[in-house]
Amino acid sequence: MLSSATILSVLYVLLVYSQGSVHAPNGHPSLRLRRHTFLSEQDAEKNVPKLCKDNGNNLNKMADNGTIFTIDLPAITNYNVYSNKQYSLPHPKVGNVSDSKLNVIIVPHSHVDAGWLRTVEEYYMYHVKGILNNMVVKLTKYKEMKFVWAETVFLSMWWNNLDDDVKHKVRRLIERGQLEIALGGWVMSDEASTHYVSVIDQLMEGHQWVIENLHTKPVNSWAIDPFGHSATMPYLWKQAGMENMVIQRVHQAIKATLAAQTALEFQWRQMWDMEGKTDILCHVMPYIYYGIQHTCGPNNQVCAMYDYGQPKSIFEQSTGRLVTDENIEKQAKYLYDQYRMKAGLFEYGTVLVPLGDDFRFDTSEEWDLHYENYMKIMDYINSKPEWNMNVQFGTLSTYFDLVRNNEMQRVLMNETAEFPVLKGDFFPYSDLDSEYWTGYYSTRPFQKQLSRDLEASLRAGDILSTLAIHQCKRYNLEFESYLETMSQLLEVRRSLGLFLHHDAITGTAKPEVVQDYENKLLHAFNVSQSVIAQATQNLLTMCNNDSPVIISAHNVRRDAHTPPTQFTTIVTKSGTKVIFVNPVAQERSEFIRLRVDSANLDIRNSQDLNIPFQINPVFKSTTKIQTSEFEVVFLIDMSPFSIETYTLYKVEAPVLCYWSSIETYGIENFQIPKNLNFQLKNSLTFKSSYKIENENFEARFEENGMLTGLFDRVRSKSIDIGVEFLSYTSQASGAYLFYPSGEAKPIHESTRPHVRLIKGPFLEQIEVVYKHLSHSLSLFDTPTAQGQGLHVYNELNMLSADLTNQEVIMRVTSEVKNEHGEFYTDENGYQLIQRKTRPNTRVETNYYPVTTMALIEDSALRLTVHTRQSHGVASLKGGWLEFMLDRNVDRDDNRGLGEGVTDNRPTASHFILQIEHRQGTSQYQQKFTYPSLTSHIINDHLQQPVQKLFTTIRNNAFQFSFRPMRHSLPCDHSVVSLKTLVTSNLVNNGSSIILHRKGYSCDFPLRGIQCPTDLETVSFHTLFPDIPMTDIRETTLTHLHVRSSLPLNSSIRLQPMEIKSFVVTL
Ligand SMILES: [Zn+2]
C-alpha cells in the first residue's frame, strides 16, 4: 500500500520528468520535488508541537534545592597534589575516630577483564576457569564466605562444560546468598565511548543468560574499573531493576570534595527528573584503586598486609602477613583503625571493604588463605565489645540492606540523614598526579567506528528477522532459516557486547588483543549483513523458501587496513535490483550515493518510474578518474521500517541523467576521457574562494578549500563557521592519558592540498586532499533532514613516521558566543549534559567524551556537530568545538598496558554540522539541554544509515516493497530495538520491543521534518498493523521483571526521556 505522501512525490516526479528530456532543466530539479509534507519556515514556526504548548520548556522548572551538581564541584575542589602524587581525603585522625556501632562488610570479588593484556579466551583459560571452579568448591566448603561476580561473558564460557550437579551447586550458592551476580551485563562496559543502544543490548544479553541459567535477577550494580562514569548508566541500571550501584574511578580530587560533604553515597538522579523517580543509590569507593591494598582504609601499606593473593598486575607485590596467635592482637588493631577511618567518610554506620583485585581467587590456596586469615581477625574483632564493631563477609546486598536500614531508621527518628541527591556525571577521570584519562576517548578510532557500524547493522538485522518471523507466521509458513539466523544474531550480539568491555572500545588493550577484537567485529559485521540479506529476501518473497539466497549485502568489510570501500554495482541490461532498508520508525526521504560500473543507465523505482540521478566521477588518483566506476546520487522515499527496490538498467541513452561538473585546483594535467560528459575546469593555481550550495545554505571556502562561512538562505543571514585540522604534540600521552606539550598547531602549514569541487543538481561537494588526510564537505539539495546540515567526511592515516607522537584534531570555529566556555556533549547518545571549560587549566583537563553530538550556543545561534562515532571533544575558546580524530603515541602512560599506541589504521570519520536559529525565549546555558526535533532526526539518520543490498537475478517471486507500518512514529519516539528473544537452545521466547521518547528543545524551528509532532501516545496496533499479537507485557528494561500485562489495543504513553520495554507474543 502506498502512503499518500509517496503517491504525491511520484506524481511530482512524473510531472517534472515525463517529457523524456535528457537535458538538465534550469535550476535544481530537487527543488521541484518539494513535497507537501514539508513545512515552510513560517509554517514551522507556527506549528508548535503539543509538548511545547503543554509544558513550555521544562528546562525552566528547576527545583533542585540541596542537589549536588557535579558540574559545580570543580569550582570548590582543591586540585593540589600532595608529595605522594595523590589528592587528599578528609579522614578523621587515628585517635579521633568515632566509636559508635560499626558494621564492616568484606566483599570478596575478582575483577576479570574480557580482554586486555591477553584475549578473553586466554584469560578464561589461564585464570577465570580456575576462579570459577574454585569458587564452587570453596563457597560450598566455607559457608560464611561470599563472592560477587559481574561479567556474564565468562560465566557463559564456563557453564556449558559443567556437570549438572555443579550447575545445581552454583544455583544453590546464589539462593543461599553466598554468591551474588552484580549487574550481570555481558561485560563491565565502558561508559564514555559506548552508545546506549548497544549498552542495553549487552545488558539484556547478560540478563537473559543469567535468568535462564542461574535463575537470579541482579539488583546491585558493580562497575569498579570503567575510566569515569556516565550519568546515563544509572538511568539504564535503574530501568533494568537495579536498586544500588558501586562505582570507583571518579576524579580523586572530586572524591575528596564529595567526602567532605559526606556525599560518597548519594541518590543519583537524572538531570531532568524533578521527582526522584530515577533515583538509584550509588556508593563511590573512596580510594585510588579497587585492589585490596586500597580498600581497607587510607593506609595502603597497612591494607597490603591483609592481601593473601598472588599479584596479577605490575603494581602489586605479595604482601600478606599471616595471622598467628602471637600477632593477632596487633593485626586486628591495625585493621580496626583502618576500618574506623574509612567509616569516617560515610554516614550510615556501615563500611564496604571490597576484597579482591585483577584475576584474584584463581587458586585453591588463595581462597584458603583469605578465608582463614580473615576469619581469625573477624572473630577477634567481633569478640571485643569495647571496639563496637561487627565484621563479616558479605555481598553487595548485605551491605546495601544495612545502609538503607540505617538511613530509614534515622529518618524515622527525624534525623536529617536522608541520602543526598546528586545530578551529573564523573568525566573526566584523573587518578593521581594531575594526569587525565582523556586520551582513550579517541584511542583506536578505527575500532570505535567499526563497532558503531556493527551496532546499526545488528539492529537492522534484528528488526528485519523479527518482522520476517512474524510475516511467515501470518502465512502459516516457517521462516526457514530461523535457526541459522538466530544463531548468527547471537554470535553478532555477543561479539559487539564483548567489545563494549572497558579495555576494548576504549582502545586500551595490547595490539594482539585489539586484533582479536577487530577480527571478531569484522566477522560479526559481515554475518549481520548476511542476516539482513536473508531476512530481506524472506520479506520480499513472502516466505517463499524455494529460492536460494540471491540477495547480497552491499557492504562487506574484508579487512581493517583500508577504510570501508563501497561496493561497485554491476549494471545489467536486464536490470540490477538495488534494495534499500530504512531501519528507523519514521518516513525518510534522502539522497543515496551508490557506486556503479557504467554511466549509461536508467534508474527506476518500485513503480517502474524513471528517477533522475546525478552522476559523479570516482577518482583513481589525484590526476585521473575511473572510467568504469561512477557514483550515482538519487532520491529514495522510504516509509518506516520499509524495504524498497530500485532497478538499475544498462541503456544506450539515459533518460534522466545529470552529469556533474568537476573543478580541480592545484593539479596539473588533469584529464578525463572524451566519452564522459563531465564538465571539467582544471587549474594549477588556486582560487581565492569557492562555494557550494543547496536550497538552504551556501557554504564558502578559502583558497585551501577549508570552510570559512555559511549563508543561511532561509534566514538571509551569514554565519562565520570554519573547519581546521591541527595536531597536538604528545608530551606524556599514552593509550589512556592525553598529555600534550602545548597548544595544537595546524598540520598542513608547509604543504598545499589538491582541491576539487563536484557539483550537480542533487549534491555539491568540495574535497581537500592532503598526503595523510582527505576531507570532504557536502550539501544535499533536499528539503528533508539530510539537506539541513553540512556533511563532513574525513579519512586520516596516521601510520606515518612524521605523525609519531601526534594527536590530530578537527576544530570547528564559529561566531557562536559561548563565552564562558559552556558547551554540551551527549552521554552515550541518550542525553546532553553541560560542560564548563576551565580556561586556566591544561588542555587535557577540558576534554570530554562525545558519542553522537556536541553543541555550543548563545542567545541567537546553536551549532550542533553530529558524529557517527565516539571521540574526545573540547571547546577551548568561544565558538570552538574540537574533535580528536586519531592519536599516534609511542610511549606507555603507566596504567598497566606497558606500551603506547602505534598500530593506527586508515580511519574514516563522519560529522554533520548544523546551525540553528533560536526562536524560543527560554533561558539557554542550563546544566543540561535537549537537541531540537530536527537535530534528533538528523542524528538518527546518521546513526541508522539506510542499509543497501543488491541482486542481479530476476525473480518474479519478488515484491518490490515491504512496508510494515502505515504511519511514522511521532518524531520524538524511537524504537531502540525490536528483536526476537531466544533461549540458549534458540527457542523463540517472544519479541522484545524497546521504545524511547526523546526529550527535545522547543526553542528551534522544525526543518525537514517528515513525522508527526503532535502525537502523545503510540499503540502496537498502529505500530505493526499486520502483526497479530496475543499478549503484550510491559517489563523492566531487560525483561527480568514483568511490570504489567497490557490489553492488546492499549495506548502507550511515554514521558520525555523515558525508555520502556515490552515483550510481545504472537
Ligand atoms: Zn578492568
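Biologist: What is the torsion about the S-S bond of Cys971 and Cys1011, and is the disulfide right-handed or left-handed?
Modeller: The torsion is about 105 degrees, so the disulfide of Cys971 and Cys1011 is right-handed. The two residues lie in separate loops: Cys971 between strand S44 (961-962) and strand S45 (973-982), and Cys1011 between strand S46 (988-997) and strand S47 (1017-1019), so the pair ties together parts that are 40 residues apart in sequence. Strands (E, at least two residues) and helices (H or I, at least four) are DSSP runs, numbered from the N terminus.

Biologist: How far apart are the sulfur atoms of Cys971 and Cys1011?
Modeller: They are 2.0 Å apart. A disulfide here is a pair of cysteine sulfur atoms within 2.5 Å.

Biologist: What kind of model is this?
Modeller: It is a predicted model, in which local features need pLDDT of at least 70, side-chain atom pairs count only at pLDDT 80 or more, and totals for chains, interfaces and linings use all residues. Residues are numbered from 1 along each chain as its sequence is written, and side-chain values use heavy atoms, with hydrogens and water left out.

Biologist: Are Cys971 and Cys1011 buried or exposed?
Modeller: Both Cys971 and Cys1011 are buried. Buried means under 20% relative accessible area, exposed over 50%, and partly exposed in between (1.4 Å probe, protein chains only).

Biologist: How many disulfides are found in the whole structure?
Modeller: The search finds three. One of them joins Cys472 to Cys543, with 2.0 Å from S to S. Its S-S bond has -105 degrees about it, and the link of Cys472 and Cys543 is left-handed. Cys472 lies in helix H15 (residues 445-474), while Cys543 is in the loop between helix H17 (511-540) and strand S12 (552-553), so the pair ties together parts that are 71 residues apart in sequence. Both Cys472 and Cys543 are buried.

Biologist: And which residue does a disulfide join to Cys296?
Modeller: Cys296 is joined to Cys303, at 2.1 Å from S to S. The link of Cys296 and Cys303 is left-handed, with -95 degrees about the S-S bond. Cys296 is buried at a relative accessible area of 4%, and Cys303 counts as buried at 1%.

Biologist: Let us turn to the rings. How many aromatic pairs are there?
Modeller: The count comes to 48 aromatic pairs. Rings of Phe, Tyr and Trp (its six-membered ring) pair if their centres lie within 6.5 Å; planes under 30 degrees apart count as stacked, over 60 as edge-to-face and the rest as tilted.

Biologist: Why is the pair of Phe361 and Trp367 tilted?
Modeller: The ring planes of Phe361 and Trp367 are at 55 degrees, with the centres 4.8 Å apart, so the pair is tilted. Both Phe361 and Trp367 are buried.

Biologist: What about Phe630 and Phe678?
Modeller: They form a tilted aromatic pair, 6.4 Å centre to centre with 35 degrees between the planes. Phe630 lies in strand S19 (residues 625-638) and Phe678 in the loop between strand S22 (661-665) and strand S23 (679-683), so the pair ties together parts that are 48 residues apart in sequence. Phe630 is buried, and so is Phe678.

Biologist: Which residues do ring pairs link into a cluster?
Modeller: The cluster links Phe227, Phe427, Tyr429, Trp437, Tyr440, Tyr441 and Tyr736.

Biologist: Where does the charged end of Arg557 sit?
Modeller: The charged end of Arg557 sits over the ring of Phe525, 5.8 Å from its centre. The rule asks for NZ of Lys or CZ of Arg within 6 Å of the ring centre and within 35 degrees of the ring normal. Arg838 lies over the face of Tyr79, at 4.5 Å from the ring centre.
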